[in-house]
There are 2 protein chains.
Amino acid sequence: MARIEAVLNSIDANLEASRERLFDLLRIPSVSTDPAFTQHCARAANWLAEQLKGLGYSADVRPTPGHPIVVGHAQAKRKDAPHVLFYGHYDVQPPDPLELWESDPFAPRLAAGKDGQEIVARGASDDKGQLMTFIEACRAFEANGGLPCHVTFLFEGEEETGSPSLPGFLAEHKEELSQAGLALVCDTSMWNAHTPAITVMLRGLAQEEVIIRGPSHDLHSGMFGGPVPNPIHILGKIVGELHDDAGQVTLPGFYDGVPELPEAVAEQWRKLEFNESEFLSSLGLTCAAGETGRSVIEKIWARPTCDVNGIVGGYTGRGAKTVLPAQASAKFSFRLVGAQDAKSVLESFRNFVRARLPADAQVEFLNHGASNALQLPFGSEALSRAQRALTEEWDKEAVLAGCGGSIPIVGAFKRDLDMDALMIGFALDDDRIHSPNEKYSWTSFHKGARSWVRILDALAA
Amino acid sequence: MARIEAVLNSIDANLEASRERLFDLLRIPSVSTDPAFTQHCARAANWLAEQLKGLGYSADVRPTPGHPIVVGHAQAKRKDAPHVLFYGHYDVQPPDPLELWESDPFAPRLAAGKDGQEIVARGASDDKGQLMTFIEACRAFEANGGLPCHVTFLFEGEEETGSPSLPGFLAEHKEELSQAGLALVCDTSMWNAHTPAITVMLRGLAQEEVIIRGPSHDLHSGMFGGPVPNPIHILGKIVGELHDDAGQVTLPGFYDGVPELPEAVAEQWRKLEFNESEFLSSLGLTCAAGETGRSVIEKIWARPTCDVNGIVGGYTGRGAKTVLPAQASAKFSFRLVGAQDAKSVLESFRNFVRARLPADAQVEFLNHGASNALQLPFGSEALSRAQRALTEEWDKEAVLAGCGGSIPIVGAFKRDLDMDALMIGFALDDDRIHSPNEKYSWTSFHKGARSWVRILDALAA
């Protein structure tokens with residue numbers, strides 16, 4: 001107990017130097033999508049490797065088909081300590097539109113905000129500020145006798161462009177990277193400015209485009225309307241029958257593997273400060289659609305969905321055209337939870353579509369991906385320890401949150417390294433990531449570093 | 001009987017001169033849509049007025065906001081003779097693409113075709129050749145004691161651009177034009193090269209665009225999918241529920257006013273040389289869709305339909321995008337028959353849509369027109385006489401045909417002049433109207449003129 005207080009004090013005492021280091025990193029315009037910034041991405045990678053080396057760790061900058069990946073290794077003072085892999089990314093989104101920034105996006109500054117001081121710069125929140133909370137935690141340990149866990153560092157530079165090189169890199173360095181037993185990912189948000197969160201559920205995503213074809217060419221609806229199958233009607237029937245009146249998806253077997261929430265988690269979610277009316281109102285809505293009997297949070301975090309993301313067929317310009325189209329198409333996506341199997345869902349969907357094809361209609365399926373949900377076991381020891389550590393630092397119970405979307409790299413850790421991930425981040429929903437005047441709360445940065453001190457200590461206890 | 005033989009003989013004896021006159025008209029490039037040809041439209045109108053004057057009729061070229069309309073009047077030898085209005089149009093489609101013509105589109109020529117000699121030129125079939133069959137019939141009467149009917153001639157020059165000036169013109173000259181009791185329109189086809197047809201049914205058309213709105217803006221389907229109403233789903237349900245399993249439209253009251261065919265007509269249609277398989281095969285189909293228990297011809301000519309002509313919503317580019325769209329829209333059209341009321345159908349449709357809107361969904365309707373079907377009474381005396389006259393000339397029973405589409409000018413005659421129309425034309429389905437190498441069968445031209453002699457004679461009998 002004495003030692004961890006010393007480490008935490010070290011964070012507090014060296015805040016100004018920590019800020020200087022973060023600002024140095026923020027000054028590097030490491031925009032990954034624009035080739036004009038390639039050398040700046042390399043600079044950011046080198047800067048990070050130097051930081052790790054400065055702490056006495058091994059570190060190198062490894063080339064990939066895209067931007068380099070930094071890998072570092074640090075030993076705990078105890079040989080038998082647990083081994084974690086920390087992931088962050090050094091690349092950022094382009095700062096455009098520049099004219100909407102109140103200051104140079106790559107000239108970081110402190111400004112007053114509604115939750116106190118804020119660091120304003122491109123990448124302040126996504127993900128340089130978050131990444132540096134962890135490095136500063138390690139630095140504080142090194143000044144006080146060393147790390148409680150072995151740590152492998154993995155910093156990539158292509159997260160904002162879909163991490164194209166990461167899966168190949170994980171496969172190539174599987175043996176080296178798999179020495180860690182748990183991934184720590186710092187790229188998510190708190191529940192609110194006062195309440196930390198661990199994201200333990202990510203919905204999976206299965207996407208399939210359906211093209212329905214009828215007559216061999218577009219026809220005049222007067223001269224031919226009546227005996228000709230209309231692909232838009234067929235598609236409409238498919239779309240219309242995918243949900244029942246209770247908002248449930250009608251695909252056979254769709255709910256196989258969909259778990260009910262543990263009561264403790266359900267209870268925590270019920271108590272969250274969350275105003276459904278305000279949330280819906282911000283979307284122009286007055287009441288929640290979807291499955292009856294489920295809260296909005298449950299629907300987004302823990303329930304599967306089926307949505308049509310796009311549909312097109314026939315004439316879509318202004319006015320009217322009397323055409324019977326030869327084809328119509330729609331893009332379907334399924335958000336998956338728990339143990340739902342993406343491949344089985346798509347199989348069931350394709351059968352559902354085929355069963356609704358009248359004579360002479362043909363269907364073509366185009367797959368756009370299929371990934372299962374990721375769920376950290378609620379009973380995991382690491383999760384409990386991290387939750388307690390966060391609760392201690394913030395004096396508020398850390399929320400075990402879901403995330404309606406997917407975070408591909410977490411899927412890659414699970415798939416390629418068979419490694420679970422604790423997603424812990426200190427961003428706030430109003431951080432304006434990807435937008436002008438991106439910011440990171442000073443409290444997030446300060447208490448984020450302190451949080452990692454507590455978490456690493458708890459994991460090794 | 002003796003006199004009509006003389007008139008018919010006069011047609012036969014003067015064929016070469018008739019051809020010369022038609023070729024003169026075909027040489028005028030009266031393309032209505034292209035301002036570069038405006039003076040040629042005027043030339044064609046003047047040429048027609050001169051033809052009528054040459055026959056001793058009154059005729060003048062009247063200006064409109066667009067191209068001029070020719071009006072002529074001819075007296076029958078008997079004061080109490082019936083009075084008909086003959087409609088044709090002197091304008092033509094542009095000849096493009098010119099490189100696909102085997103000869104100059106405005107240098108008419110005779111060529112050998114599968115049904116005998118053909119007149120090849122832009123406008124040969126649509127509508128100059130058809131129009132001239134009637135003038136040549138009048139000429140033959142004038143050479144043999146005069147017309148059996150009073151005739152008002154109405155030749156417009158904007159049919160190919162949607163007849164924008166015609167309704168105003170009809171309204172302005174209603175008293176003058178309404179002296180006729182029946183319109184004769186020569187702008188349609190025969191059943192086949194040997195079988196004449198009178199088009200007695202035109203389907204009506206009601207068109208309504210539906211825009212469904214859900215959330216106030218596009219949303220990420222991961223971050224928001226579940227509690228948000230998806231406009232594409234709502235639209236899909238509407239489209240999917242518009243037809244039942246028997247192919248019938250489910251709108252309440254939709255079939256009010258839909259008549260069953262008189263048995264004689266049904267019997268004639270059953271006996272038509274029409275190969276459903278070949279017809280469907282030309283559309284890439286193997287069996288007919290739509291209402292069960294109805295023939296293809298009945299479905300197109302005499303049954304109402306509901307079709308979606310276009311639908312669009314969300315992301316429609318390549319690949320996938322996880323968007324919950326704020327809106328989706330579709331263009332619906334209803335083909336109407338018999339006494340169906342277009343306004344009532346649209347009213348029922350809008351109620352049908354509103355009944356399927358969940359909470360928070362809004363709908364906007366955009367009307368794109370509503371016209372009832374046109375049907376010449378099957379028991380009409382003029383129809384029986386014209387049918388007998390055609391049957392006599394062609395030695396094949398004239399088909400009482402329907403037309404799945406609409407012919408706006410016939411609707412204008414009914415609406416603005418309260419005048420029924422007999423649609424009789426001698427075009428063939430393979431005349432390549434609007435396409436390169438347009439042609440008109442020499443037999444159509446020759447026997448077409450003879451047919452009008454018999455029809456005018458029969459109407460006056």
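Two residues are counted as in contact if their C-beta atoms, placed from the backbone, lie within 7 Å. On that basis, in this predicted model, the contact between the two chains takes 64 residues from chain B and 64 residues from chain A. Several elements of chain B give two or more residues to the side that touches chain A, and the helices among them are H7 (221-224), H8 (231-240) and H11 (296-302). The strands that contribute in this way are S10 (219-220), S11 (305-314), S12 (323-324) and S13 (327-336) of chain B. Strand S11(B) supplies the largest share of this side, with nine residues. In terms of residue class, the side of chain B that touches chain A holds 26 nonpolar, 28 polar and 10 charged residues.

Chain B is superposed on chain A by a rotation of 180° with 0.2 Å of shift along the axis, and the RMSD is 0.3 Å. This is the relation of a two-fold axis. The same surface serves both copies, since 100% of the contact residues of chain B recur in chain A.

Within chain A, the domain assignment gives domain 1 (2-202 + 373-460) and domain 2 (204-258 + 304-370). The contact between these domains takes five residues from domain 1 of chain A and seven residues from domain 2 of chain A. On the side of domain 1 of chain A that touches domain 2 of chain A, there are two nonpolar residues, three polar residues and no charged ones. The centres of the two domains of chain A, taken over C-alpha atoms, are separated by 41 Å.

Helix packing can be followed inside chain A as well. Helix H13 (residues 381-394) of chain A packs with helix H15 (residues 442-460) of chain A at an angle of about 140°, and their axes are 8 Å apart. H13(A) is therefore oblique to H15(A). The crossing by which H13(A) passes H15(A) is right-handed. From H13(A), the contact draws on residues including Ala382(A), Arg385(A), Ala386(A), Leu390(A) and Trp394(A), while those of H15(A) include Lys447(A), Arg450(A), Ile455(A) and Leu459(A). Sorted by class, the residues of the contact of H13(A) with H15(A) are eight nonpolar, one polar and seven charged.

A further helix pair in chain A is formed by H2 (residues 15-26) and H4 (residues 128-142), which pack at an angle of about 140° with their axes 10 Å apart. That angle makes H2(A) oblique to H4(A). The crossing of H2(A) and H4(A) is right-handed. Ser18(A), Arg21(A), Leu22(A), Leu25(A) and Leu26(A) of H2(A) make the contact with Lys128(A), Gly129(A), Met132(A) and Glu136(A) of H4(A). This contact of H2(A) with H4(A) comprises four nonpolar, two polar and three charged residues.

The corresponding helices can be described in chain B. The axes of H2 (residues 15-26) of chain B and H4 (residues 128-142) of chain B come within 10 Å and cross at roughly 140°, so H2(B) and H4(B) are oblique to each other. H2(B) passes H4(B) in a right-handed crossing. Here Ser18(B), Arg21(B), Leu22(B), Leu25(B) and Leu26(B) in H2(B) meet Lys128(B), Gly129(B), Met132(B) and Glu136(B) in H4(B). The class make-up of the contact of H2(B) with H4(B) is four nonpolar, two polar and three charged residues.

Terms used: Residues numbered from 1 in each chain as written. Chains lettered and ligands numbered in written order. Predicted model: local features only at pLDDT ≥ 70, side-chain atom pairs only at ≥ 80, totals over all residues. Least-squares fit on C-alpha atoms with pLDDT ≥ 70 in both. Axes fitted to C-alpha atoms, helices over the stretch in contact; angles between N-to-C directions. Helix = DSSP H or I, 4+ residues; strand = E, 2+ residues; numbered from the N terminus. Parallel < 35°, antiparallel > 145°, perpendicular 65-115°, else oblique. Left-handed = near helix turned anticlockwise from the far one by under 90°. Nonpolar A, V, L, I, M, F, W, Y, C, P; charged D, E, K, R; others polar. Domains from an automatic or database assignment.
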